[in-house]
Amino acid sequence: MMESFGIICGVTLGLFGSVFSVVQFFYQRHKDREQAVIEAARDKAQAEQAEKLAEKQDLKDRLFFLAQLIVDRDIPRESRQIFFDEYIAKGGNGSFVKWWLEGK
């Protein structure tokens with residue numbers, strides 16, 4: 001009698017453990033997928049932010065290059081006009097514009 005009870009308890013606990021293991025597997029797989037979606041969204045946002053920063057830096061570098069060409073007296077003023085126009089079109093302003101407009 002006790003042996004049968006022990007066997008029934010062992011089989012029942014074994015089945016319960018197996019079912020619990022399978023449920024836990026599917027639950028964890030679901031959570032992993034959710035986490036992958038969250039990480040993908042975060043990575044995309046970081047990539048977009050990095051791209052914007054790179055574009056800003058490229059613009060700064062280009063404006064600096066154009067400013068150097070604008071003040072280069074070895075290049076005739078007429079030849080520097082296209083660089084000045086591009087500098088203004090890209091949003092450049094400040095002392096270089098004033099310097100150019102004063103005709104120096």
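Reader: What is the mean pLDDT of the chain, and what share of its residues reach 70 or more?

Author: Good place to start, since this is a predicted model. The chain has a mean pLDDT of 89, and 96% of its residues reach 70 or more. Confidence can also be read element by element: helix H1 has the highest mean pLDDT, 94, among the elements of the chain, and helix H3 (residues 95-101) the lowest, 70.

Reader: Let's take H1, then. How many residues does helix H1 have, and what span does it reach?

Author: A handy check is to set the end-to-end span of a helix beside the one expected at 1.5 Å a residue. Helix H1 covers residues 2-70, which is 69 residues, and it reaches 100 Å from its first C-alpha to its last. That is close to the expected 102 Å.

Reader: Which residues in H1 are buried?

Author: Buried residues are those under 20% relative accessible area. In H1 they include Leu63, Leu66, Ala67, Leu69 and Ile70.

Reader: Why does Phe16 count as exposed?

Author: The cut-off for exposed is over 50% relative accessible area. Phe16 counts as exposed because its relative accessibility is 58%. In the other pair, Phe25 is partly exposed, at 47%, and Phe26 is also partly exposed, at 44%.

Reader: Now for the helix packing. At what angle do H1 and H2 pack, and how far apart are their axes?

Author: Read the angle and the axis distance together. H1 and helix H2 (residues 77-89) pack at about 145°, with their axes 9 Å apart. H1 passes H2 in a left-handed crossing. On the H1 side, Arg62, Leu63, Leu66, Ala67, Leu69 and Ile70 take part, and they meet Arg80, Phe83, Phe84, Glu86 and Tyr87 in H2.

Reader: Which residues is Phe83 in contact with, leaving aside its neighbours within four places in sequence?

Author: Phe83, found in helix H2, is in contact with Leu66, Leu69 and Ile70.

Conventions. Residues are numbered from 1 along each chain as its sequence is written. This is a predicted model: local features need pLDDT of at least 70, side-chain atom pairs count only at pLDDT 80 or more; totals for chains, interfaces and linings use all residues. Side-chain values use heavy atoms; hydrogens and water are left out. Helices (H or I, at least four residues) and strands (E, at least two) are DSSP runs, numbered from the N terminus. The expected span of a helix is 1.5 Å times one less than its number of residues. Buried means under 20% relative accessible area, exposed over 50%, partly exposed in between (1.4 Å probe, protein chains only). pLDDT is the predictor's confidence in each residue, from 0 to 100. Axes are lines fitted to C-alpha atoms, for helices over the stretch in contact, and angles run from 0 to 180 degrees between N-to-C directions. A crossing is left-handed if the near helix is turned anticlockwise from the far one by less than a right angle, and right-handed if clockwise. Contact means heavy atoms within 4.5 Å.
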